[in-house]
Amino acid sequence: RDTMLMLMLLLRVGVSITVIMLDPELKPVNPVPSVLRNLSYVFYQLFCPFLLIAASRHAMLEFVRRRTSVLKSTGLLLTKQVRIEKLVHSLVPAFRANALRDSPPTQWWTFPPDHFVDCTILQMDIAGFTSMSAVLLAEELIDVLNVAFSHIDQAAEYVGNIWKVETIGDCLIAVAGGPNPCTDHAFRATYLGFCILEIMERISEQLDVQLQVRVAVHSGDVCAAGVGSVLPRCLIFGKDVEVVRVLEASGERGALLLSETTAEQLPSGWKFSEERTVRMCGGEEVKAHVMTLQGWNRREFRRLGRLNPRLATFLATLSGVGSMGPARCASLTKRTSRGKKPGGVAKQSGEGSPESEMDASVHSAVGNGCVLGEASAAMRRP
């Protein structure tokens, strides 16, 4: 296109020069007519302006081309930078992402760990996950986990000041407070635990499948540090992390197990159904309280939820299988119905099942001093 425009301009100049040279009336008035003077007139009056116009046009086109190229490159760089920042934020929390953004992932573990005091740790695990994995297809199991954890992520966002540490299979670990300091971290973690129970209950009702969780909550101090050089993660460590893990293994299905440290920080209005003593790794005993989402606690849960408009809307419109589609939901419901007894009750993990054997081994490990915990504690000793 630029070449055609240049040729047209040259053609117009050539025609103009030819007309001036042939038409005497267009020639300048000169007592001494001369071809040289006519050529000089054509050069100064036509050719030089044309050169200036052509040069200006070429410079303008080159400027526009270079500017477009620079803007395009800048846009691509910004897009890549946003992708890199999202990738970094998906691997590590926001409080470490800014410091680690300019360093290669292989060097993240060299950064000093972060210590957080006055925070609350929550750990959740799906009970009966092994037996459910034997009934469902891999794709259907992925759908169930995706729906459950997506709703839990939304609830954590609406509750606020929640740091989702990691998700391993059917287990979730989160911290209230810590990098997001707040004075009511115990209440936020407990309320998120009740939201998890509500979400699982809705999903169980809509899929007609027995989906229960064990949730443990404990308040204390944690240490966060980067681990690994390939796909590094920011994990939490410390004595209180081990406490909440043992509490979760000792918890009841469909209930929260709160340590006494967390229970003392909760506001008045919550009801505890049971008090028990849990033995930690090494023989130490910790007092714990059981809380269920029933009766007064459910009314208090809904009343406090209405104080947060976004959370109230989320809980009111909560649909466990909305993102799965009717066809996948019907297939999953049909498959889970095969694992039911004639009475219509979903088959739970009973005596002799893989899940019961797993739970028994976990509780046996907790009661016998937890050899793995002792070994990890010995490794951390100087």
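Over which residues does pLDDT stay under 50?

1. pLDDT stays under 50 over residues 339-382, for which the model has 44 contacts beyond four places in sequence. Here pLDDT is the predictor's confidence in each residue, from 0 to 100, and contact means heavy atoms within 4.5 Å. The protein chain averages a pLDDT of 76, and 75% of the residues score at least 70.

2. The model is predicted: local features need pLDDT of at least 70, side-chain atom pairs count only at pLDDT 80 or more, and totals for chains, interfaces and linings use all residues. Residues are numbered from 1 along each chain as its sequence is written, and side-chain values use heavy atoms, with hydrogens and water left out.

3. Helix α6 (residues 185-207) and helix α10 (residues 309-316) pack at an angle of about 20 degrees, their axes being 11 Å apart. Helices are DSSP runs (H or I, at least four residues) numbered from the N terminus; axes are lines fitted to C-alpha atoms over the stretch in contact, and angles run from 0 to 180 degrees between N-to-C directions. α6 is therefore roughly parallel to α10 (angles under 35 degrees).

4. In this contact, Tyr-191, Cys-195, Ile-199 and Arg-202 of α6 meet Leu-311, Phe-314 and Leu-315 of α10.

5. The axes of α6 and helix α9 (residues 296-305) come within 11 Å and cross at roughly 105 degrees. The two helices are therefore roughly perpendicular (65 to 115 degrees).

6. The charged end of Lys-271 sits over the ring of Trp-296, 5.9 Å from its centre (criterion: NZ of Lys or CZ of Arg within 6 Å of the ring centre and within 35 degrees of the ring normal).

Conventions
Parallel < 35°, antiparallel > 145°, perpendicular 65-115°, else oblique.
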